[in-house]
Amino acid sequence: MNHIEQLYLQIIHNTCTQTSSNITISQDVSISLINLAQTQSSLPFLLPYIKDSSLLANIKYQTKLMMLNYYQIEQFTRRIADLFDANNISYILLKGISLAAFYPVPEYRQLGDVDIYINDKEMFNRANALLLANGYTKDDEINHHQGYLYKVPQTGRTMILELHYRIVGLYQYAPVNKIVDDVFAANTFSPAMQTVNDRNYPVLPPTEYTFYMIHHMLKHYLYSGFGIRLLCDFTFFLGHNYTAIDFAQIHTWCKESKILHLYEIILETCRIYLGLPETIDSKIHYNKNDCKAFITQLLEDGDVSQNNGSALVGSGSYEKINFLTYFKEGHLQMHVRFPKLGKCPLLWPILWLITLVCFLYNNRTIRNMSLAQTLRGFKKDNQKSKLLRIFDNTDHK
């Protein structure tokens, strides 16, 4: 970890703990800090520390744009909620303004789209028809959500809604999928209500929200990497809601999912570098050197919205990378690409072939990489996964 990263983390720590400290920053250092903060979508956090007038003016301008974006997303969220409420559509608001509300300045959290979770199939279909009838058009469908585009009449801006029918995408490790489906299934929990800017929204209860955030970070870590923003989300959320979180239940779910090591390293990293109080789930700890390696990797990754997504998707960590590893990953991608047809084993050979052809085509046209380069990158990313010991509960009984 270099000097710039250490300074940046000190500023993030001050932001998360709402404290101040005297940090002397030269112009050269300021430029490097600004570049790092931009890749981490956290530029407003530098406002109290940059003294150069020209650099500060640019940060203020970028901050104003972020604040404008916040209110545009907030109004779009309100528009969707009003539409669903008026038509008796039950839904859960994920992330976005819900998490921004826990920041000292909500407008300083970077927002991109609106995420809504509907865990009832019939209700989801009703929501889909309602959106299409009200000016929304379908965008890409991933393996856990359907995208929609909406052009706001007043501004002309095209906004993005992601309507989730699964809380997160599928994993290679099948037992985790079952646990996630069971925890977030319809009628398994009662939504909590959160007030954001004088408007009430149904959200996940604190314990389920915490478990969701862990999985959200895991999926980004495995599939594209993520930066400091998701750790800030986690720190601010736990800091405001820890008394309502059943941490024993979190431990149980994580053990059953074999991701307890992931939870441990996230929690300990938030304590060390973001100032999360030690009293929150105080029994959980992790190796400090591994936490340093973890936070260093996150700083290198950049924010989730900045990652180019060119990596070959890895669904877990492997001790050895061989032909069987690639076959397992290919089999998962077959199911992701063909969620319905993939349920019929007789079709697997044909679907495997189609998946392989699509992979080779996308590898050349989207990643613009040779097959050898992509596979070398896969091996390198596997080392990241091994740091978190994903789907490994050794040392835990």
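## Overall make-up

The model is predicted, with local features requiring pLDDT of at least 70 and side-chain atom pairs counting only at pLDDT 80 or more, while totals for chains, interfaces and linings use all residues. Residues are numbered from 1 along each chain as its sequence is written, and side-chain values use heavy atoms, with hydrogens and water left out.

The secondary structure of the chain comes to 14 helices and seven strands, these being DSSP runs numbered from the N terminus (H or I over at least four residues for helices, E over at least two for strands). Taking contact as heavy atoms within 4.5 Å, and considering contacts between residues at least 6 apart in sequence, 66% join residues at least 24 apart.

## Helices α8 and α10

Helix α8 (residues 228-241) and helix α10 (residues 260-274) have axes that come within 10 Å and cross at roughly 85°, where axes are lines fitted to C-alpha atoms, for helices over the stretch in contact, and angles run from 0 to 180 degrees between N-to-C directions. The two helices α8 and α10 are therefore roughly perpendicular to each other, a class that spans 65 to 115 degrees (under 35 is roughly parallel, over 145 roughly antiparallel, the rest oblique).

On the α8 side, Ile228, Leu231, Cys232, Phe234, Thr235 and Leu238 take part, and they meet Tyr263, Ile266, Leu267, Thr269, Cys270 and Leu274 of α10. By class, this contact has 10 nonpolar, two polar and no charged residues, with Ala, Val, Leu, Ile, Met, Phe, Trp, Tyr, Cys and Pro counted as nonpolar, Asp, Glu, Lys and Arg as charged, and the others, Gly among them, as polar. Ile228 also has its C-alpha atom 9.3 Å from that of Asp301, 73 residues apart along the chain; Asp301 is placed in helix α11 (residues 288-301) and is buried, with a relative accessible area of 16%.

## Aromatic pairs

Rings of Phe, Tyr and Trp (its six-membered ring) pair if their centres lie within 6.5 Å, with planes under 30 degrees apart counted as stacked, over 60 as edge-to-face and the rest as tilted. By this rule the count comes to 14 aromatic pairs. In one of them, Phe184 and Phe211 have ring centres 6.2 Å apart and planes at 10°, so the pair is stacked. Because Phe184 lies in the loop between α6 (174-183) and β6 (192-196) and Phe211 in helix α7 (residues 206-223), the pair ties together parts that are 27 residues apart in sequence; both residues are buried.

The rings of Tyr209 and Tyr212, with centres 6.2 Å apart and planes at 50°, form a tilted pair. These tyrosines are three residues apart in helix α7 and thus separated by about one helical turn, and Tyr209 is buried at 1% relative accessibility, as is Tyr212 at 2%. Together with Phe102 and Phe237, Tyr209 and Tyr212 form one aromatic cluster.

## Loop residues with positive phi

Most residues other than glycine have a negative phi. Asn187, however, has a positive phi near 70°; it is found in the loop between α6 and β6 and counts as exposed at 81% relative accessibility. Asn197 has a positive phi near 50°, is found in the loop between β6 and β7 (199-203), and counts as partly exposed at 38% relative accessibility.

Notes. Buried means under 20% relative accessible area, exposed over 50%, partly exposed in between (1.4 Å probe, protein chains only).
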